[in-house]
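Please read this note with the structure open beside you, and follow each point on the model as you go.

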Amino acid sequence: MSEEFQDHQIRDVIKINYKYTMGGQSKFFIELKNNKRLLGTKCTKCGKTWMPPRINCSDCYEPADWVELKQTGTIEVSTIVWYTTSAFIKAIPYGIGYIRLDGAETALLQGIFSENLVPSKIKKGKRVRAVFNKLRDGKMTDFFFVPEVEYDNWISKPEYEGGV
Ligand SMILES: [Zn+2]
């Protein structure tokens, strides 16, 4: 007698505590957490300024030095997020985009929040400024960008603050 295989499945949860290192980019996250500073790197040979920071220049492979960048920038491209993970579900809809900070030559992918979000508020070329969580863990989710015109409103909320 041949029977068709029937897979029996049980749904369960695995909880794992672990830690990981940011390696050579640790300084970025430490400065973000402790001092609300946004650090990029500048190539010691060609002078290109990287954000997110690169320990070695991705163009010429030479070492790069840490440099502090301004916390204002320009949106290069963006979209509105409607589907996300459980960590961000309460924030939808929110923007996400590549932002080129003033002084950097590359763009950082980061969240863009806006009150009464509509696409025109976060379109290419719009100016944004970083807002920081008051409680920071040294993660990319410690900060996000908002339209410059909304900055004062955002930093007046109890859970957020302005940068340096
Ligand atoms: Zn270089």
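**Note on the salt bridges**

1. A network of salt bridges links Glu31, Arg37 and Glu68, where a salt bridge is a side-chain nitrogen of Lys or Arg within 4 Å of a carboxyl oxygen of Asp or Glu. By this rule the count comes to ten salt bridges. Side chains of opposite charge can pair when their charged atoms come close.

2. Before going further, please note that this is a predicted model, in which local features need pLDDT of at least 70 and side-chain atom pairs count only at pLDDT 80 or more, while totals for chains, interfaces and linings use all residues. Residues are numbered from 1 along each chain as its sequence is written, and side-chain values use heavy atoms, with hydrogens and water left out.

3. Lysine 36 and glutamate 161 form a salt bridge through their side chains, at 3.6 Å from N to O. Lysine 36 lies in the loop between helix H1 (26-35) and strand S1 (38-43), and glutamate 161 belongs to strand S9 (residues 160-162), so the pair ties together parts that are 125 residues apart in sequence. Helices (H or I, at least four residues) and strands (E, at least two) are DSSP runs, numbered from the N terminus. Lysine 36 counts as buried, at 16% relative accessibility; buried means under 20% relative accessible area, exposed over 50%, and partly exposed in between (1.4 Å probe, protein chains only).

4. Glutamate 161 also forms a salt bridge with arginine 136, and here the closest N and O atoms are 2.8 Å apart. This pair, too, links distant parts of the chain, since arginine 136 sits in the loop between S7 and strand S8 (143-147) and glutamate 161 in strand S9, 25 residues apart. Arginine 136 is buried, with a relative accessibility of 15%.

5. Is the pair of glutamate 115 and lysine 157 buried or partly exposed? Their side chains meet in a salt bridge at 3.6 Å, N to O. Glutamate 115 is partly exposed at 25%, and lysine 157 is partly exposed at 26%.

6. Serine 114 is found in the loop between S6 and S7 and, at 12% relative accessibility, is buried. Its side chain makes a polar contact of 2.8 Å with that of glutamate 150. A polar contact is a pair of N or O atoms within 3.5 Å; within protein, one must be able to donate a hydrogen and the other to accept it, and residues adjacent in sequence count only if both atoms are side-chain atoms.
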